[in-house]
Structures are given as structure tokens and as C-alpha cells.
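Have the model open as you read.

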Amino acid sequence: MKGFFSPAPILMRKQEMLDVQDLEGAWKICWQLGDRRLFSAVYTRIDQVFVIWGLMAVLMFSVAQMMPLSWGIQAIAWSALTAIGIISMVGLTTFWARVERLMWLVYCWAALMLGGIVLTDLSIFLGWGTILISLCPLWLGLSAIGYFCTGLGLQSRTFMLLGLVHLASAWYVQYLGTWQFLVTGIVIGGSLLFLAQVQWDMRPPIDYALLTVEQQEFNRRQHQLRLRNEDFIT
């Protein structure tokens, strides 16, 4: 099992030598003050999905923790927001996932999020007390499953470790009383926003059947550049 995971460092500084499927739809941000560069980064469509879901998680769980909105209103609002998130995720990741042969992973995350919101809504509107008092462990557990699937699909230790973090958090938040929603939002949202800021490990390039010969050659050159420019996060 040791040789299954990527030999790349678990986390690196965000790189700009990206493959074709990563550059598609990527955002390049560069903030400068005069001639001095303050911040520069490239956000791929995968990073954009992390940001979208991260902000949504922080918003949902913070509102549940701090604002006196009824559960019914929150259920309707978060169901609509989750639907938008799922549609955005599928739209943003389809090209990358098809090239990487990981569409099953996109469907897995969509199913987990859809299943989670259905269980949440049913527990609220039908009074399922057992689930209602365990919403935070439920969402942390679903996230853990998603991260484990992602870790296996990408052969990534980063995502496997995040799966363990979410699984441990699902057990721990039960002892936090009224603060469990805020902590859950920090764990789920913070993890996603963090992933958008770093370069995580994944398996070496595969035979990208959907790319042209020129695109595959471009990816090979980019991979070699990345190997020569690995910058470890310490």
C-alpha cells in the first residue's frame, strides 16, 4: 500500500506550471503595489470549487450557530444553495475529471452532498430527532467519505489525511455542546479554503486519451518543470 500513493510532497507552494486540464478556465490573480508584487496565484477550476464550497460551509454553519433563523427557513435556503453548489461543481470540474478519468469522483461528491441535504431536510420537517441532533457529525462524516474517495482516486495522502481529520472531528464535535456548528463550519470550510491555496499531491500524469498529441507533450514538459521546481511548505 505504501507504493500506491503519489511520491510527491504532501503539500507544496502553489505552482503555475500547470497541465492543460488545469489551465482550462483557471483564474490568475496578481496584486501589486507599484512594482512590488503583494500576492500572485493561479486558481484552477478545482480550486474555484474548493472556494465555493468552503465559503458555503462557513456561511451555513455560522448562520446555524449565531443567527436566530428558524430551522425551516434555513433548510429551504441551504437546500437551494447546495443545489447551486452541486451544479457549479459539476460544471467547473467536468473537463478536468473527464481528462483525468475521474468523473466517478464528481458524481460521488454530488451524491454525498445531495444525500446530506435530503437527510437534513427530512430530519427538520419530519422531526427525526436522532438525525437532527447529529447534523454536525453527519456532515463531517459525509465529508470524510468524500475525502477518502478523493484520496484513493488521486492517490493522494493529503486528502486521506483530511478524511481522517473530518472523521475525528465527527466524533469530537459531539462533546462541544452549543458550539459544534461553528467548529464544524471551521473544519469543513477551513479545509476547503486551505486546499485552494496550496498544491496537493496526486498521482503522476496518466495517458490522457482526450488530449491531442500536442497537449500531451505540453503536459509532459509541465510535469518536468514541476519536478525541478518543487517548493516544500515547511
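The lining of the largest cavity has 29 nonpolar, six polar and no charged residues (Ala, Val, Leu, Ile, Met, Phe, Trp, Tyr, Cys and Pro count as nonpolar, Asp, Glu, Lys and Arg as charged, and the others, Gly among them, as polar). A cavity here is a set of points on a 1 Å grid over the protein atoms alone where a 1.4 Å probe fits but cannot get out, and its lining residues have an atom within 4 Å of a point.

This is a predicted model, where local features need pLDDT of at least 70 and side-chain atom pairs count only at pLDDT 80 or more, while totals for chains, interfaces and linings use all residues. Residues are numbered from 1 along each chain as its sequence is written, and side-chain values use heavy atoms, with hydrogens and water left out.

About 690 Å³ of space sits in the largest cavity (a volume is the space filled by probe spheres set on the points, which are joined across faces, edges and corners). Of its 35 lining residues, W53, W109, M113, S143 and L192 lie nearest the centre. Helix α2 gives the most to this lining, with nine residues (helices are DSSP runs of H or I, at least four residues, numbered from the N terminus).

What lines the second largest cavity? Look for Q21, D22, E24, T44, R45, I46, L92, F95 and W96. There's about 40 Å³ of space in there. By class, this lining has four nonpolar, two polar and three charged residues, and α3 supplies the largest share, three residues.

Note on methods
1 Å grid on protein atoms, 1.4 Å probe; cavity = no way out; pocket = protein on both sides within 12 Å on 5 of 7 lines; lining within 4 Å. Helix = DSSP H or I, 4+ residues; strand = E, 2+ residues; numbered from the N terminus.
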